[in-house]
Amino acid sequence: MTATVITRKWHTTAEVAAMLGFGLSKTKMLVLTGEIRSVKIGRNRRILPEWVDEYVQRVASGSEGVSA
């Protein structure tokens with residue numbers, strides 16, 4: 001018997017919030033403003049892992065040269 005590993009293709013807004021270390025309200029705002037891409041499936045929003053990576057890259061590249 002062979003075990004099959006199923007990797008998730010979509011993330012919920014709450015999962016993305018946890019991944020980014022943001023609150024749910026902030027993450028929902030980023031989704032609603034289009035800063036993080038998403039699709040609406042029925043009443044739910046779903047976000048591809050690649051879209052989370054795109055957001056992180058965009059934010060990281062925009063903060064180059066900025067020191068805290």
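**Close-up 1. Val 31 in helix 2 of the predicted model.** Val 31 sits in helix 2, which spans residues 24-32. With a relative accessibility of 9%, Val 31 counts as buried. Setting aside neighbours within four places in sequence, its contacts are Ile 36, Ser 38, Arg 45 and Ile 47. Thr 7 is 24 residues from Val 31 along the chain, and 23 Å separates the two C-alpha atoms.

**Close-up 2. The buried face of helix 2.** Thr 27, Leu 30 and Val 31 are the buried residues of helix 2. Ser 25 and Leu 32 are exposed, and they lie on the face of helix 2 turned away from its buried side. Gly 34 follows helix 2 and has a positive phi, near 85°.

**Close-up 3. Thr 13 in helix 1.** Thr 13 belongs to helix 1. Its relative accessibility is 11%, so Thr 13 counts as buried. Not counting residues up to four places away in sequence, Thr 13 touches Leu 24, Thr 27, Lys 28, Arg 45 and Ile 47. One of these, Thr 27, is itself a buried residue of helix 2. Arg 45 and Ile 47 are touched by Thr 13 and are also in contact with Val 31.

**Close-up 4. The buried face of helix 1.** The buried residues of helix 1 are Thr 13, Val 16 and Ala 17. Seen down the axis of helix 1, they fall within an arc of 105°, so they line one face of the helix. Their packing partners are helix 2, strand 2 (44-46) and helix 3. Just after helix 1 comes Gly 21, with a positive phi of about 75°.

**Close-up 5. Helix 1 against helix 3.** Helix 1 (residues 13-20) packs with helix 3 (residues 49-62) at an angle of about 40°. Their axes are 12 Å apart. The angle makes helix 1 oblique to helix 3. The crossing of the two helices is right-handed. Helix 1 contributes Val 16, Met 19 and Leu 20 to the contact. Helix 3 contributes Val 52, Tyr 55 and Val 56. By class, the contact has six nonpolar residues, no polar residues and no charged residues. Val 16 takes part in this contact and is one of the buried residues of helix 1.

**Close-up 6. Tyr 55 in helix 3.** Tyr 55 is found in helix 3. Its relative accessible area is 8%, so Tyr 55 is buried. Leaving out residues up to four places away in sequence, Tyr 55 touches Leu 20, Phe 22, Leu 30, Glu 35 and Ile 36. Among them, Leu 20 is part of the helix 1 side of the contact with helix 3. Leu 30, also touched by Tyr 55, is a buried residue of helix 2. Ile 36 is touched by Tyr 55 and is in contact with Val 31 as well. Arg 37 lies 18 residues from Tyr 55 along the chain, and their C-alpha atoms are separated by 8.3 Å.

Note on methods:
Residues numbered from 1 in each chain as written. Predicted model: local features only at pLDDT ≥ 70, side-chain atom pairs only at ≥ 80, totals over all residues. Heavy atoms only, no water. Axes fitted to C-alpha atoms, helices over the stretch in contact; angles between N-to-C directions. Helix = DSSP H or I, 4+ residues; strand = E, 2+ residues; numbered from the N terminus. Parallel < 35°, antiparallel > 145°, perpendicular 65-115°, else oblique. Left-handed = near helix turned anticlockwise from the far one by under 90°. Contact = heavy atoms within 4.5 Å. Nonpolar A, V, L, I, M, F, W, Y, C, P; charged D, E, K, R; others polar. Buried < 20%, exposed > 50% of the residue type's maximum accessible area, 1.4 Å probe, protein only. Arc of directions from axis to C-beta.
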